[in-house]
Amino acid sequence: MSTIAALGRLRAAATGYAQPAATVRHRHLSARPMVLVPYVLAGEAFAPLAVLVGTDRDRPHLLAVPQPRDRDRRFAHAAELAGRLLPHLGAFAAETETIERRGDDPYERSLDAPQVLVPTAGGIEYLRLLGRSTRFRRTDGEFAVPAGVPLLGRWSTWLADRAGVPGSSVLLAMTDLLTQAWATGQSAMEDGDLASLLAWIDPPAGRRGDEAAREAEGGPTAGPATDPAFDERLVPLITAFDEAVAAERESDEDAARGERERRAEQAIRDALAAELMPTWDRMWRGVDLLSALPAGASVAGRWEADRASYSFFAADLADPESRPQPRVPGAISAAAQLAGRERAQARLDAEQVRDDPLLMAAVRLAGEAFRGELIAVDAERMVTEPGKKTARPRPLLVFRTEDEPLFGPGTELACVERPDAKARVLVNEPGRMELELFGGMGGGKAPKPGSVPERGEVLCWTSLIAEFRRSPDWPAVEDTPWTHGGPPPEPGSEPDSATATGPEPDDDALEEWS
Amino acid sequence: MGTTGTTGAIAGRLEQLRGELPTRNHNARTVAALAANPGCARRGVLDAAGIEKTVLAERLGFPARYGRSPFAIGRGNVFEARVKADDGRELRRLLAEVLGADPDDGALVDVDRGGPTGPTARPGREERVARTREALLRAASGDPDACAILDHPLLPLDVAGRRAYLEPDAMACRVAGRLHVVEIKSFAIIDGSADPGKLASATRQAAVYVHALRGLAEELGLDPESVSTDIVLVCAQDFANRPIAVVLDVRRELATTRRRLARLSGVEELFAELPEGLTFDVAEERVGAAVARVPAAYLPDCLSACELALFCRDEARACGTGGDVGTLGTSVRGALGGIDDIGTALALADGTRAPEPGQEDVARLLRRAQALRHEALGGVG
Amino acid sequence: MTTAHTRAPQGDPAALAAAATAAVLADLGSGAHRGVVVDSPPGAGKSTLVVRAAGELAASGERLMIVAQTNNQVDDLLVRLAEEHPHLPVGRLSATGYRLPPALVGTSVSNAEKAEALDACAVVVATAAKWALVQDRRWPWAIVDEAYQMRSDALLLVARLFDRALFVGDPGQLDPFATVDTSRWHSLSYDPSQSAVVVLRRHNPDLPVHRLPVSWRLPASAAPLVSDAFYPFTPFRSGTGPGERSLRFEAAREHDAYDTVVDVAAGSGWGLLELPARFTGAADEEAVRAVATLAARLLARGGTAVGERTPAGVPLDASRIAIGVSHREQRARVESALRDLGATEIVVDTANRLQGREFDVTVVLHPLSGRRDATEFHLETGRLCVLASRHRHACLVVARAGIPELLDAHPTANPVHLGVPVSFPDGWEANQAVLAELGRHRVSLTP
């Protein structure tokens, strides 16, 4: 961690109030985010217990499963959730703009895309598992599920996959958003608790953040894992529900049928609502705090990539031939995913420090950037470089700086304020930096007008230069080489193979826990 | 190794610290947890004395927020029973799959059942250890290809001079002349991967069993290396409760376990620093002061590994001027070049305090960092 | 203590090495395998093997492509090829703007940007990145050099170009790294973030694996330690015996700790310059100054390196010394300190970038020096292995006191992933072994 970021935590601990960790918001924030607060049953691989969901802070929808181990109820819950989520997720596909591409066909990109906010990183994992457990379900045959269920699975899978792409904003955890913007006086591990994190940032009136955080600890958890103490309270409620269901199956009094079961279910819903509502309120409080921050200059550009990904995915869904995402990626797609994420990470790192003076301050402290005032310019300077016949414009720039960059002679630098400019270090001595400008001046015999900075300008230069790397040409799947296991079997020919893509019922369709 | 024991004087010292406080029997989980924060003297002393830290934490007014969900416990039990059911049929199938054992050969010996007091009575601990030894010897001398399974074995292990009894929910199986520890966990392996944290904790526990089993084998005159460092982990597959087995290499964790146990026996050095006559068995209002006599090394990771963590965190936040930087995590601490006190670090950054000899470099770094932070925040940070 | 270390191979090193090479070449020639893997400890004659194998394959009329990881590695290989096989037509496939270094001008090596232009060459050499761009060509054989440094996704891009391949590399060095979290792919047999050899062997478990048993680089003082600490299951020995190499310096003038540790290292092959215990940031100014001063002192002392290749001795000039660090910022600070001392020609680099390189004497800033807490990064076995195995004569380590205590207090809680082979030995044990040896060559520095 940079000493500058560490100072933020120290100051927060000493004052009792969170401190800025960024001067801008580095993620896109939708005007109408879909907030999702999920709970799952402890001990199970994936058994949804409840969600609070909605786009209106005043109208949360509670979807609860009174007996999460009951397969039918589980899928009824998934169908209900699909009913809430799918209209919103699909709503942005219709309005598009046409984007021209060099060397490729133009494509349609939606003007906006959905955004889902969950409390913690666990919520992202929840969507991944929701996707995995529903996208292969059949809508016909013996274990048929409602049509929305596999569709929800494919959307959830897209969201969770996309969340792994650095800088993406379609699915975000509130704790990540808040810790990017603020430093608390507790550890990163404790910041994983949304209640105490938010208490540091936004304590109740008249309270200090540290006090409020301590009080918030041990309260209802933001999930998706439940608090064991809450589970102790839930056990008798679920037992009562099971008994009600069993009793009513045997009862033949029409009047009483359903009433006991309904009451038992209501008791479970009440308990869940009480446990989930504080998190719901915190989610929206977080949205308010984040909206008050200005977005970084590059945020819109990265959101464009999300919009493009959304459009491609929505178009694929609409194709009747398309299949659900495979259980695990094949060798080629895994490699392409890794390469794509590394490119996104490089872009994000470069853009964030340029957008945010506080992040750039850490780069300056590490000696990889400096900020200084231009005190002398020789705009006429021409240099004939070794191996070249003609002299090229190489303006000389002399800066005064209090920074202590560790650049050796010849280091190439990029400029924050003048993104086209490229310069090379000539002399680096304490307080003074001599650079020669060699790029961003046009191809002419003299620099193009306005391309040479003028005396008095205060500029920031860094050796962290994001290289544009083209995506490599990956082999076709059927050309997977022998070093990587050779071509995978045709989909469907070996249903047990790890790369099988066909929808097939899992065993858990058949099994039920008692 | 491990049975070197502690001297009588040390045993007396531990006795005194403990007083009438309830003690805890070490199990694989607590022995595995010794690897967390080994630099903490407080934890070392309490573990060596075998004090039940949950009770101590309550007396200190900082009850631990631990607990397992009844749903998780229920599912774990059901899963384990299913794997072992029917004379271990399912388990045999899995062992055949991953180790190449013959599923139809070899007996399942339930160490916990039967005996002189009747077929259903549960024997005492030493009795079960004796039966485990006997069953091991029998298995070792039997057909090397037979898949002999020991259910409910009890393994003795010397932890800082006190005898602990490890009760694998798992079993020791002998396949092809080698003994393999089997761990049964109900968490899921989905599409070939599982939660790395849960896997790590299962691996650490299994390593403790391997260590104890090697000790037992040595006592019995068997080759300790015949206890394999490849353990079998049985988990649930995907979203179903069908069991699946994987083999895990626990060599790293075994080395760690040995180091930590050896270190625990070196608890004498810690006592040299403690006041004579110190005991934790005192009235509630004085227990905090007594515990505070043993220095702790609190870090945020303690919150998930030690019952006393909330007490130690409170203490660390209150110490010095502004608290200990360790409370903010090791990455913050690492950025401050050895300044341990929050107030001192800030005073150096603000230039309101002159650096002591040896602090000049870090003070300069802090002042520059503060100046840059101030500039970036437009003069408000 | 319980790790069953296998004993290092015994016998005449030249004969041992020749037998190992012959076995590799026999496997290649047999045509029975699609691939052959050769594990090579530091300085075990990997390049020599590659050049020999290239010669044999070319002699049998098979066209060959060679994949290296960096442009420097490509050029080094070309120089060796041109020396050993002066009449072999060799091509270098390069990016725009590359020009052959002087050593290759006038040799049988031709340079081109397109593979078509090199169709007449028996051997074509390029970096993996350049090979990835080649279309519509196929070679019966490939040699993949530094294959443990190569990520498996890079192999995926070039494997379509060859039918069979020889994979050569050092398994004890740093694993390839990624800039994003890669845990989601760890359970895949073709995990793109794993090394090329690990993925290759998971899919082709029957490929023969050979080991080169002799390090020609490491001196007799270093091979046993490096072998025990980092290659416990695949031991090797040094090609030279005790006393076959020596390092001489002119008489000391300053008689300070720097002079003393230089003399200690000249005598024993190891030296530890120990600074007082103190926790510092990554940029430990005192330690940085000590590293730069020590390197400059090595130069100033006018050393002579005598060895089996240079019986008359060669002067220890700046090109024969390197400084190894862990972080980019440390590299920049050491370079800056060297500029102040006027010793700019000495190479300073991070462990990652020193992989595969060789020097007479190295000065190493210990990865754990001054750290408040050990991290997985700083404990990584491969990092220490790279830093402790670059030298032909001596390795001088600069560190703050207190590393054993740091290791003792280090909590061990590594996450575990299914299907990922456990890297062994772990950093803790390897660090202890190296520290124990260094402790015998300690000189204290009190600034």
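**Exercise 1: charges on chain A**
How many positive and negative side chains does chain A have, and how far apart do the centres of the two sets lie?

*Solution.* Start with the counting rule: Lys and Arg are positive, Asp and Glu negative, while His and the chain ends are skipped. Chain A then gives 59 positive and 82 negative side chains, with the two centres 7 Å apart.

Keep in mind that this is a predicted model, where local features need pLDDT of at least 70 and side-chain atom pairs 80 or more, while totals for chains, interfaces and linings use all residues. Residues are numbered from 1 along each chain as written, chains are lettered from A in the order written, and side-chain values use heavy atoms, without hydrogens or water.

**Exercise 2: the interface**
How many residues does the contact take from chain A and from chain B?

*Solution.* Contact means heavy atoms within 4.5 Å. Chain A puts in 55 residues and chain B 50. Now for the area: buried area is the accessible area (1.4 Å probe) lost by two parts on being put together, summed over both. Here that's about 4,800 Å², with 62% from carbon and sulfur atoms.

**Exercise 3: salt bridges**
Which side chain of chain A meets B:R65 in a salt bridge?

*Solution.* Look for a side-chain nitrogen of Lys or Arg within 4 Å of a carboxyl oxygen of Asp or Glu. The rule finds 12 salt bridges across the interface of chains A and B. B:R65 pairs with A:E217, at 4.0 Å from N to O.

**Exercise 4: overall span**

Notes:
Charge placed at Lys NZ, Arg CZ, Asp CG, Glu CD.
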